[in-house]
Amino acid sequence: MTETDKLTQLGGKAETPASPEAAVLETVPFARGDGPPAIVRFTCPEFTSLCPVTGQPDFAHIVIDYAPDKRLVESKSLKLFLTAFRNHGAFHEECTLMIGRRFAEAAKPLWLRIGGYWYPRGGIPIDIFWQTGTPPEGAWLPETGVASYRGRG
């Protein structure tokens, strides 16, 4: 049975954290077993944050792929963490890297990559990519599944 007695957000009402810094990314134990590592994907196609200059909303499609080692990130805590960005003012690059680094710090995965596909601001879409190192040998790495921005065409 998976250890869940220490989770504070799953299974009940949980308030949106006041900021990404205040959010808690909870983890649960994971026994990865033998063979090539599994790749776990989280996709957030409706991520929002605020422009730090104008306060206007920014929108992104975030894709996180990771190879868990001994811990899995609990998905409700991840949703609450990502939701905390809705009132957070930061540039696209800062948001994407903050998500990737916090996730890696919480789960301590064998490997992690994040893609932040930001919708145009001032007519220019911005895509940000970051990973913790070389992918594990033998792991199947799927394509991100997010096409480059091509407008409505």
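**Reading the fold, step by step**

Author: Of the contacts in the protein chain with a separation of 6 or more, 71% are accounted for by residues 24 or more positions apart; contact means heavy atoms within 4.5 Å. This is a predicted model, in which local features need pLDDT of at least 70 and side-chain atom pairs count only at pLDDT 80 or more, while totals for chains, interfaces and linings use all residues. Residues are numbered from 1 along each chain as its sequence is written, and side-chain values use heavy atoms, with hydrogens and water left out.

Reader: How many helices and strands are there in the protein chain?

Author: Helices (H or I, at least four residues) and strands (E, at least two) are DSSP runs, numbered from the N terminus. The protein chain has two helices and six strands, and from the N terminus on its elements run β-β-β-β-α-α-β-β.

Reader: How many residues has helix H2, and what span does it reach?

Author: The expected span of a helix is 1.5 Å times one less than its number of residues. Helix H2 (residues 92-107), with 16 residues, reaches 23 Å from its first C-alpha to its last, close to the 22 Å expected.

Reader: Which residues of H2 are buried?

Author: Buried means under 20% relative accessible area, exposed over 50%, and partly exposed in between (1.4 Å probe, protein chains only). In H2 the buried residues are His92, Cys95, Thr96, Ile99, Gly100, Phe103, Ala104 and Ala107. Seen down the axis of H2, these buried residues fall within an arc of 155°, so they line one face of the helix; the arc is that of the directions from the helix axis to the C-beta atoms.

Reader: What does Cys95 touch, beyond residues up to four places away in sequence?

Author: Cys95 touches Phe47, Ser49, Phe85, His88, Ala90 and Trp118. Cys95 counts as buried because its relative accessibility is 1%. Its C-alpha atom and that of Pro20, 75 residues apart along the chain, are separated by 9.4 Å.

Reader: Is Lys108 buried or exposed?

Author: Lys108 is exposed, with a relative accessible area of 58%. Lys108 lies in the loop between H2 and S5, and its phi is near 50°, a positive value in a residue other than glycine.

Reader: Which residues have the most contacts inside the largest nonpolar core?

Author: In soluble globular proteins, nonpolar side chains tend to be buried together. A nonpolar core is a set of buried Ala, Val, Leu, Ile, Met, Phe, Trp, Tyr and Cys residues joined through side-chain atoms within 4.5 Å. The largest one here has 23 residues, and those with the most contacts inside it are Phe47, Ile62, Ile64, Leu78, Phe81, Ile99 and Phe103. Strand S2 (40-50), strand S3 (57-67), helix H1 (75-83), H2 and strand S5 (111-121) each supply at least two residues of this core. Leaving aside neighbours within four places in sequence, Leu78 is in contact with Leu25, Phe42, Val73 and Phe103.

Reader: Which residues lie nearest the centre of the largest pocket?

Author: On a 1 Å grid over the protein atoms alone, a pocket is an open set of points where a 1.4 Å probe fits, with protein on both sides within 12 Å along at least five of seven lines; lining residues have an atom within 4 Å of a point. The largest pocket is lined by 14 residues, of which Thr43, Cys44, Leu78, Lys79 and Leu82 lie nearest its centre. S2 gives the most to this lining, with six residues.
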